Structure formats: structure tokens, C-alpha cells
Amino acid sequence: MSFIEIIVLALLQGLTEFLPISSSAHLILPSQLLGWQDQGVGFDVAVHVGTLLAVVWYFRQDVGRMLVAWVQSFTGRRDQDSRLAWQIIVATIPAGAFGLLASDLIEQYGRSAYVIASTTILFGLLLWWSDAKAKGNKDEHQASWKDAILIGLAQALALIPGTSRSGVTMTAALMLGLNRVAAARFSFLMSIPVIVMAGGYEGLKMVKAGAMVDWNEIALGTAVSFASALACIHWFLKILARLGMLPFVLYRLALGIGLFVFLGVF
């Protein structure tokens with residue numbers, strides 16, 4: 001890949017992984033629309049590692065407390081942090097199971113601009129509806145086990161490109177009564193085991209296939225995605241508290257309609 005392609009793709013991953021606008025769609029579209037060569041599994045894993053490091057660093061205090069509380073829960077000590085940790089683990093199971101069962105099917109039929117345009121608009125409208133109707137005031141520690149399971153089931157849908165993992169989990173969380181910031185925080189914390197699983201799975205496939213890796217590309221992609229994801233999380237939480245989801249819904253609608261225009265549907 002060229003230097004420009006590395007920077008653009010790493011920025012796209014970092015800026016869109018945690019925004020409700022679908023990072024997978026934005027990584028697929030350059031090759032679909034600009035004819036860029038596929039970046040390869042190694043680079044995909046690298047930029048996901050960058051975003052993983054960003055979310056762990058940003059929520060390092062929360063993650064540290066939850067990890068300690070989770071370990072202590074095996075000795076019978078339970079508190080709200082251990083409960084949240086267990087809820088996030090349980091909520092990750094549907095995405096992991098769906099990914100193992102349907103990843104090849106999605107890879108074959110889901111990575112098209114038509115699918116991305118459709119899901120971008122559909123799930124963007126659902127996000128707008130959930131944000132407009134939501135009157136919840138629960139924080140992430142007040143989520144019930146039912147809430148966690150339903151949000152986890154919603155997360156499984158994000159394997160379809162254009163859906164947006166953060167978007168669909170925030171949509172479900174808002175519908176279940178979490179406030180905006182709590183919905184985002186729960187979604188961000190849920191991303192940690194999901195990114196670990198997805199990156200580990202793709203990395204294992206890469207190792208088994210004996211794929212060649214350009215370590216300069218890997219290092220640059222990881223660094224850029226880390227920095228951009230860290231900035232994105234910080235500013236998104238500030239914007240979300242003030243403006244809600246509407247700016248991201250409008251972006252999704254514009255992107256989906258623009259793709260249909262580009263494809264000659266309209």
C-alpha cells in the first residue's frame with residue numbers, strides 16, 4: 001500500500017470504530033469505489049489492535065476495576081463492577097457464535113456497496129428513532145441481565161457491513177432505558193472482547209496461511225488508528241451529551257443515499 005492509503009485506512013478505522021457509522025463499511029468502500037487494492041488481513045488486524053489499545057487506555061480505570069472485581073468474583077466477592085464485567089462477557093457470546101457460523105457467508109455476500117448503502121440507511125433510521133424516543137436514565141451499572149443479553153444479540157447483527165457495531169448496540173441500549181452516555185460507555189466496553197476475538201481469529205488465519213507482513217505498514221497503521229480512535233472516543237462522548245445521535249444519523253443517511261446515487265440506483 002502507498003503511504004496515503006495507509007494513513008487514510010488507519011484514520012477511517014480509528015475514527016469510525018466507535019462512532020455509530022460502521023467502520024467495516026468505511027474500510028470496504030475505498031476498494032469498492034476507488035479501486036484500491038485490498039489492504040489484507042495483516043493490516044486489518046493492526047488497525048484493530050490500534051483501536052483496542054485506544055479504548056483500553058481511555059477506560060483504563062474502569063477496565064482495571066472490572067478486571068480485579070471479575071477475578072475476585074470467583075472467591076464469592078461480588079459488586080457492581082464484577083456484575084458489569086460478567087454482563088459484558090455474556091453479551092459477547094452471540095457475536096462470537098454468529099461470527100463463527102456466518103462469517104464466510106457474510107464475506108461472500110455482504111461486502112457489497114448495495115448492502116452497505118441499505119444497512120447504513122436502515123440502521124441509521126433505527127438509531128434516530130431510538131434516540132428520539134428514549135427517555136431512559138439508567139447508567140451502565142444499572143443494566144439488567146436481560147438488557148445485556150439483548151444488547152449482545154443486537155451486536156451480532158453488526159457482522160453485516162454497514163450496520164455498525166457501536167450504532168446497533170447503542171440503539172438497543174437506548175431502547176432498553178440506558179441514557180446516551182451510558183449506552184455509549186456500555187458499547188465501548190463491549191468492544192474490547194469483540195475486537196480481541198476478531199483480531200485473534202483473523203491473526204490466527206493469517207499465521208496458518210503463512211501470509212507475508214510489511215511491518216512498517218503494520219506499525220504506522222497501528223499508531224495512526226490508536227491516536228485517531230483515542231481522540232474520537234473523547235470527543236464523541238462530549239458531542240453525544242450535547243447533541244445526541246442526530247449528526248451521525250444525518251451522516252448515515254447522506255452516505256447511504258450518496259452510495260445509491262453512485263451505483264446508479266437513483
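# Working chat on this model

Me: Leaving aside neighbours within four places in sequence, what is serine 164 in contact with?
Reply: Serine 164 is in contact with Leu19, Pro20, Ile21, Ser22, Ala158 and Arg252 once those neighbours are set aside, where contact means heavy atoms within 4.5 Å. This is a predicted model, in which local features need pLDDT of at least 70 and side-chain atom pairs count only at pLDDT 80 or more, while totals for chains, interfaces and linings use all residues. Residues are numbered from 1 along each chain as its sequence is written, and side-chain values use heavy atoms, with hydrogens and water left out.

Me: Where does serine 164 lie, and is it buried or exposed?
Reply: It lies in the loop between helix H7 (145-156) and helix H8 (165-175); helices here are DSSP runs of H or I with at least four residues, numbered from the N terminus. Serine 164 has a relative accessible area of 2%, so it is buried (buried is under 20% relative accessible area, exposed over 50%, partly exposed in between, with a 1.4 Å probe and protein chains only).

Me: What about its phi?
Reply: The phi of serine 164 is positive, about 80 degrees, although the residue is not a glycine. For context, most residues other than glycine have a negative phi.

Me: Which backbone atom lies 2.8 Å from a polar atom of its side chain?
Reply: That is the backbone nitrogen of glycine 167. The rule for a polar contact is a pair of N or O atoms within 3.5 Å; within protein, one must be able to donate a hydrogen and the other to accept it, and residues adjacent in sequence count only if both atoms are side-chain atoms.

Me: Staying with H8, why call it largely enclosed?
Reply: Because ten of its eleven residues are buried, H8 is largely enclosed by the rest of the structure. The buried ones include Gly167, Val168, Thr169 and Met170. Just after H8, glycine 177 takes a positive phi of about 100 degrees.

Me: Switching to rings, how many aromatic pairs are there?
Reply: The count comes to eight aromatic pairs, with rings of Phe, Tyr and Trp (its six-membered ring) pairing if their centres lie within 6.5 Å, and planes under 30 degrees apart counted as stacked, over 60 as edge-to-face and the rest as tilted. One of them joins tyrosine 58 and phenylalanine 59, whose centres are 5.1 Å apart and whose planes stand at 75 degrees, so this pair is edge-to-face. Tyrosine 58 is partly exposed at 30% relative accessibility, whereas phenylalanine 59 is buried at 1%.

Me: What other ring does phenylalanine 59 pair with?
Reply: Phenylalanine 59 also forms a tilted pair with phenylalanine 188, at 6.0 Å centre to centre and 45 degrees between the planes. This pair links distant parts of the chain, 129 residues apart, with phenylalanine 59 in the loop between helix H3 (41-58) and helix H4 (60-72) and phenylalanine 188 in helix H9 (residues 180-209). Phenylalanine 188 is buried, with a relative accessible area of 0%. Ring pairs link Phe18, Tyr58, Phe59, Phe188, Phe236 and Phe248 into a cluster.

Me: And how many residues does the largest nonpolar core have?
Reply: It has 43 residues, and Phe186, Phe188 and Phe236 have the most contacts inside it; such a core is a set of buried Ala, Val, Leu, Ile, Met, Phe, Trp, Tyr and Cys residues joined through side-chain atoms within 4.5 Å. Several helices each supply at least two residues of this core, among them H3, H7, H8 and H9, and H9 gives the largest share, nine residues. Apart from it lies another core of nine residues, including Ala25, Ile116, Ala117 and Leu255.

Me: Last one: how far does H10 reach?
Reply: H10 has 29 residues and reaches 40 Å from its first C-alpha to its last, close to the expected 42 Å, the expected span being 1.5 Å times one less than the number of residues. Glycine 244 follows H10, with a positive phi near 75 degrees.
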